[in-house]
Amino acid sequence: MPWYQGPSLLHLLEDLNTHTDLTLGDWQLPVQYVNRPNANFRGYCGTIAAGNVKPGDEVRVLPSGRTTTIEKIVTADGDLTHAFAPMAITVTLTDEIDISRGDTLVDARSAAHTANTQQFSANLVWMDQQKLSLSRDYELKLGSKRINARVKKIHYQVNVNTLKHSSAESLMLNEIGLVELYLDAPIPAAEFKHSKGLGSFILIDKITHATAAAGMVSKLNTASTTAANDNVMGNSLADLNLPKANQQLASSSAEEVIHWVLGLGAKTLVTTNFGPQEAVLLHMISHAAPNTKVLWIDSGYNMPQTYAFAQQVSKQLNLNLVVYTPAVSAARRDAIMGGIPTIDDPAHAEFTQQFKLEPFKRAMAQLAPEVWLTAVRREQSPLRQKMDTIAHGPNGTIKVSPLLDWSLGDMQAYLTKHGLPDETRYFDPTKAEAGRECGLHTLESSPSN
């Protein structure tokens with residue numbers, strides 16, 4: 001090639017400057033772990049992907065969009081006055097915000113290149129023996145975030161010998177192409193040219209768990225938001241389209257529903273009665289968002305086994321448990337009000353109001369959640385057979401039931417898989433018998449104003 005007067009390819013590659021100053025650019029901290037050793041400390045751990053940070057800096061949490069301030073930068077050697085990429089740090093915040101593994105902290109004022117996106121173009125290298133299928137779901141892992149994803153379109157395939165583009169209906173092993181990816185919910189991401197940490201990902205086969213592809217984000221579609229929510233970026237539930245939400249989440253797993261809910265950035269509350277199989281939802285939420293409040297209405301009439309089970313699960317999962325009790329104690333009710341009436345007794349409605357509904361309404365008013373997570377299942381009662389996964393709840397809440405379509409066998413299998421305790425000896429005096437509602441799920445529901 002007489003026309004080429006430059007260095008040889010090998011010499012060029014050996015002398016190429018590949019150094020990248022990660023301390024420059026937008027500050028990004030993908031949250032890898034929520035450190036909560038006790039009720040007095042809540043730290044968010046991760047490796048800084050880019051930029052630098054110091055206490056007092058205003059930061060934004062993605063995908064929720066909420067803002068707060070760095071309180072401290074904690075390390076094993078003591079607190080730091082500043083930190084920069086690629087340091088591994090723990091930060092504490094001035095505000096209590098629902099943050100879980102997979103969320104990302106960014107500079108609130110200068111994070112121009114990091115955004116929530118549910119759809120983006122990416123250069124994809126296919127690495128699986130099975131060809132890419134546009135009809136299959138894959139698991140996308142970007143940083144510490146995992147989410148269900150689909151390749152909706154192949155823009156073109158790249159000929160690695162000529163670099164020419166050609167149309168393609170699939171990608172085979174070692175083939176490269178530009179594709180359009182669609183996710184089940186918005187995630188924090190950046191174009192690869194701006195951030196290697198938030199701009200690169202892998203696709204995982206959900207059946208074999210093999211790495212199917214590696215990709216680099218080429219272009220973000222920041223206009224895309226969760227298909228079930230028309231205003232995720234605005235942190236408002238007012239525009240939530242319930243039919244669309246239920247349709248979009250119909251084929252999602254319970255864990256995916258929970259992550260979608262947490263991605264809305266709303267104040268979330270989980271309720272439990274510490275009855276049979278209750279550890280399933282509590283385990284899911286403790287892993288997705290450990291600081292989420294868990295509400296227990298303790299009537300005072302629970303069996304001894306229930307109290308022991310509640311203590312065991314709360315300690316094992318490190319629950320952020322909040323307990324509300326009736327204004328009238330069980331001892332007083334037994335002494336002067338005749339104890340627990342039968343379900344045929346007209347006084348049973350008053351008893352249910354005193355020992356279940358009144359403390360629940362008081363808790364909802366004081367804790368003021370925007371989203372209420374429940375563990376109800378269709379097979380438990382005729383009323384629940386007609387429920388939707390996403391519905392309006394009392395006090396203007398959005399009631400979410402991730403386990404609605406789970407069977408008893410599904411619940412028991414999950415408990416066994418994760419080594420979780422269970423306690424089947426349980427009695428709710430406000431229900432009195434299986435299949436009967438206590439009243440929480442028949443309370444008047446209303447959209448938020």
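L13 is exposed, with a relative accessible area of 54%; exposed here means over 50% relative accessible area, buried under 20%, and partly exposed in between, using a 1.4 Å probe and protein chains only. The model before you is predicted: local features need pLDDT of at least 70, side-chain atom pairs count only at pLDDT 80 or more, and totals for chains, interfaces and linings use all residues. Residues are numbered from 1 along each chain as its sequence is written, and side-chain values use heavy atoms, with hydrogens and water left out.

Let me stay with L13. This residue lies in helix 1, residues 9-15; helices (H or I, at least four residues) and strands (E, at least two) are DSSP runs numbered from the N terminus. L9, L12, L13 and L16 make a nonpolar surface patch of about 410 Å². Such patches consist of residues with over 30% relative accessible area and no salt bridge, with nonpolar side chains (Val, Leu, Ile, Met, Phe, Trp, Tyr) joined within 5 Å and like charges within 9 Å. Areas come from the Shrake-Rupley method with a 1.4 Å probe, and for residues only the protein chains shown count as cover.

I turn now to the interior. In soluble globular proteins, nonpolar side chains tend to be buried together. The largest nonpolar core holds 70 residues, of which L140, L181, F201 and L203 touch the most other members. A core is a set of buried Ala, Val, Leu, Ile, Met, Phe, Trp, Tyr and Cys residues joined through side-chain atoms within 4.5 Å. A second, separate core has 19 residues, among them V31, Y44, A83 and I97.

What does F201 contact, leaving aside neighbours within four places in sequence? Its partners include F120, L140, L181, M216 and V217, where contact means heavy atoms within 4.5 Å.

Finally, the charged pairs. The whole structure contains 14 salt bridges, each a side-chain nitrogen of Lys or Arg within 4 Å of a carboxyl oxygen of Asp or Glu. E96 and K293 form one, at 3.4 Å from N to O. This pair links distant parts of the chain, 197 residues apart: E96 sits in the loop between strand 8 (88-93) and strand 9 (104-107), and K293 in strand 18 (residues 293-297). E96 is exposed at 53% relative accessibility, while K293 is partly exposed at 25%.

Are D184 and R150 buried or exposed? Both are buried, and their closest N and O atoms are 2.9 Å apart in a salt bridge.
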